[in-house]
Amino acid sequence: MKGRPQNSVRTLKLRQQDLARMRFAGGLMVLGGGFLCTRLAQLQIVQAKELRHIAERRRWRGRPLLALRGAIYDRHGKPLARTVMNYHVVIDPASVQEPWQVARWLTRHLGGNPKELEQTIRERKARGARYLLVKRSAPPHQVDPLLKEYRALPFRERPVILDTEQVPAREYPHSQLAPQVVGLTRLEGERDEGFRLAPQGGVEEAMEAVLAGENGIVQGEVAPGGLMIPETILQRTLPKDGRSVRLTLDLAIQESAELALDELWKRHRPLRALALVIDPHTGDLLAVANRPTTDLATRKGLEKSWEPMRNLAVNFLYEPGSTIKPLVVAWALERGLVRLNEPFRCAGSIAIGRRRVGCSAHGGGRKAHGTQTVEEVLANSCNVATAQIGLRLSLEGVYAVFERFHLLGRTEINLTGVERGYALKPSEIRYGREIRTANWAFGQGLMITPLALTASYAILANEGVYRPPRLVIEPAPVAVRPAEPVLSPENCRTVLRGLVHAVEEGTGKEARLPGYWVAGKTGTAQKANPKGGYIKGRYIASFVGIVPADRPRAVIMVLADEPTNGYYGGEVAAPAFRQIAQFLMWYWKVPPNRTTATTLPRRPERWTNEPRTG
Amino acid sequence: MATHSARSGALFPYPPLFWLPLLLCLIGLVFQFSVCIGDILKSGATPPTPLTAFRVVMMQSLWLALGLGAMSLLARVPTRFWQASAGFWLVLGVLSLLVLFVPGFSKSINYATRWLALPVPGLGQVLLQPSEAFKLITVFWFAWLYSTQKRVWSLWAVGGTALWLLGIVAIERQPDLGTALLIIMVGVGLAYLGGARLSRLMALMVAGVFAVALVLFLPVVKGMLKGEPWEQQRTAYRLQRIIAMMDPWKHQQDVGYQMVRAQLAVGSGGFARLGIGEGREKRYLPAAENDYIFATIAEETGFVGSITVIALMGLVVYHCFRLATQASTRFGQLVGSGLALWIGLSALINIGMAIGLLPTVGLPLPFVSAGGSALLSLMAGLGIAQAVARERG
């Protein structure tokens, strides 16, 4: 003020007191400013490094980039299981001011009970929780509209802090077909390390290495809301998606097998049942249907036990009973121990050592089959004659049948829970070797899986060449086991003729199919008691058939464990076989080549010795 | 004389009080823009148009244009007009504050009812905050009180001051304790600068301390009677904020969160790091374009930038005081001092809060924070300051 010119026009003379007070007030503010500067120096110079580290550490995140698990297709590329990306919807309960409004809004999009959700939100909020999983694995069609609405609101007007976590989920377009083969998955892991689908059984587990893929990672600083700040991303490893798997299953055939089992289930209410279709020339499993079963999407029936996910084709050991006889006969023919026209006499029973073996399995009382040819032995399913043939092979010879037909040991197939078929080794058997030989010859005293038996019938249908059963077409295995000739084609045809007799005139009449030759064998095995001996009145009814017998296209096995309303393989399993076989003939457009409707020529050599053309 | 007449003919006879605020406003726009850029990533989805993404900046630019217009207009209005109509503005200000309590007129954000929502075609809802205008009105009222009135206990003086107190209570009930306290400080400060007796001011201060204590502790005591521990009471947030200020790191999960985040932002700035637009912590700051804009400035420009902003604020305050000493009327002198108090105290409190010296209160940084009402009020105040400059000798 001292420098002001004297001639300035001032109507007001500044009071000395006012000036002093202004200076005092200004001084106080300067003091305040000094405080600010000191504090700023403390924060931005002294503590700067420390604070910056803390801030960077807080913003730093590693985020997984999820890999897509490979899909599972049937042989024609129809999807059985595929991966979709779903979202866990999470909220911060502490940010909710109006629980009822928020709960109603969320349940309107995601489903569920708004009142329950409101209650949960209130409880968590009261407990001070900052994380609440509102909905697990919600599909995009629910989450997208929700997020759109949410993001349309300005940041401060959002009623709740909401976040989503991407999670993979399995989708099953055909959830009721072959669930035991496909298998299930379980969601594992957590947000920061990445969710993944862990396999539970079936192809999912057996082909895990192919299907799984590998999650990637991205590391950088995040903005609130979870997005990464682009210029801060330091490392990024892209995810490797899993490869898809193409199975040998054919969904159409699978469905017909499931339907056939539904019928069987309704009529006979067994404990469990199985239908299995194999292409004998490639060993492809075309259909594997099990009962009890489940639905992969809803997981119905899996709450109490895992039994509906059990694949009986490989995870079930049983005594095959009569169905083993054609294999024994075929091997005896191959070894030259049995001639084609040789007569076998059956007097109803035969003494072996101190025991008697009888043909008492069917027809109630003892029944003599009289003099039979080899083919008729098969048609009649004659225990006495088979025992005689077995005795000619000797104990080691019958054991060789099991080995050559790959009945023992574990079948190599891309499934989990594959059981190992077994029988005592001949060298371990000291007493009763003869009776054991006879028992083995008609299918007692050995435990095998249905798949192994079906594969061995495929040898008969494939002109004596063994093809290991196959479930996966793609990715193709690195090493393929070479096809292994077991029988000569002539002997195969002889046995097939016998099996045609068995269907036409013998125990499997229910399997007859108008217009086609059908070869097949019934089996009615008493259930073995784990403590020894057999359980009275409990049977495993089975039927293995080849259709059409003149130019085999499929081997079909149907098995029912402890059926009610009858227990013979011919009456329980054969109708289901026929249902599947009929569908196959229509589906593959196999022309019917049999003019005589039902009767069999005495020697059907015309078809058996024709060279294969198709 | 020649210089004087040339000055009074100019649009703004006191140029520093035009250029300095304008510079601060432009700095504010730059950092509001920076915050908007950060928020694009924060919201998780690309906003439909730039207008929505940068609405804050656009609106602020409009308000700035409006404010400059108001400033040049008011620079030509004689100060006698304001002196004569101070009472009218006080009544109007208190009425506008009371209107907020009528449901339907007001808009609430985060449980605070501070805004009048005005639908404007093409701009959507424009929010007006009467408590900002009330700051200017407070300056008028106390300038009038200590320049015009001869006796302190006149009917006008007592009645007007009672009305003013009613306005403050209304602001406190919004609730906005920060603004209420700032206005009290501006009022009391002006009374001091206007020559009030020290003994009376001391008595007033004691009463004020009691009132503040009452406001702070009454809800706590009420809650305690109900048996809730005070840490868990929602209504006790003011006390909790003060406690949290002592050691924000201990309370960073709840009350101290904003303080910790702000300090991290300020500290990340270092001496002169990062760069404009490069801030990271700004995304985590609540109301980053408004209450915490200083933290963003500090993060992106470091110590150098923060000190610059403080220095600019100091210059504005200095020039307000300087104008006050040159004013030709006592009313003009007090208006100038009042502006200095208003701008200076706001800046001190806002920056002090951002760097953890004061508890969290929602006060804008003058000129720099986004907020139309605050900017317009300040610009209007500066326009009157220009009028004061025009009338000086």
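Just after α8(B), B:Gly195 adopts a positive phi of about 105°.

The largest nonpolar core comprises 118 residues, and those with the most contacts inside it are B:Phe134, B:Phe294 and B:Phe367. Helix α12 of chain B, which runs over residues 293-326, gives the most to this core, contributing 16 residues. Another core, of 102 residues, lies apart from it and includes A:Val210, A:Ala330, A:Cys359 and A:Val398.

| Nonpolar core | Size | Residues, among them |
|---|---|---|
| Largest core | 118 residues | B:Phe134, B:Phe294, B:Phe367 |
| Another core | 102 residues | A:Val210, A:Ala330, A:Cys359, A:Val398 |

Leaving aside residues up to four places away in sequence, B:Phe367 touches B:Pro21, B:Leu24, B:Cys25, B:Gln60, B:Val316, B:Ile343, B:Leu375, B:Leu378, B:Met379 and B:Leu382.

As to confidence, chain B averages a pLDDT of 86, with 91% of the residues scoring at least 70, and the model scores ipTM 0.90 and pTM 0.69. Over residues 1-6 of chain B, however, pLDDT stays under 50, and the model has four contacts for this stretch beyond four places in sequence. Where pLDDT is low, the predicted coordinates should not be read in detail.

Definitions and conventions. Residues are numbered from 1 along each chain as its sequence is written. Chains are lettered from A and ligands numbered from 1 in the order in which they are written. This is a predicted model: local features need pLDDT of at least 70, side-chain atom pairs count only at pLDDT 80 or more; totals for chains, interfaces and linings use all residues. Side-chain values use heavy atoms; hydrogens and water are left out. pLDDT is the predictor's confidence in each residue, from 0 to 100. Contact means heavy atoms within 4.5 Å. Helices (H or I, at least four residues) and strands (E, at least two) are DSSP runs, numbered from the N terminus. A nonpolar core is a set of buried Ala, Val, Leu, Ile, Met, Phe, Trp, Tyr and Cys residues joined through side-chain atoms within 4.5 Å. Buried means under 20% relative accessible area, exposed over 50%, partly exposed in between (1.4 Å probe, protein chains only).
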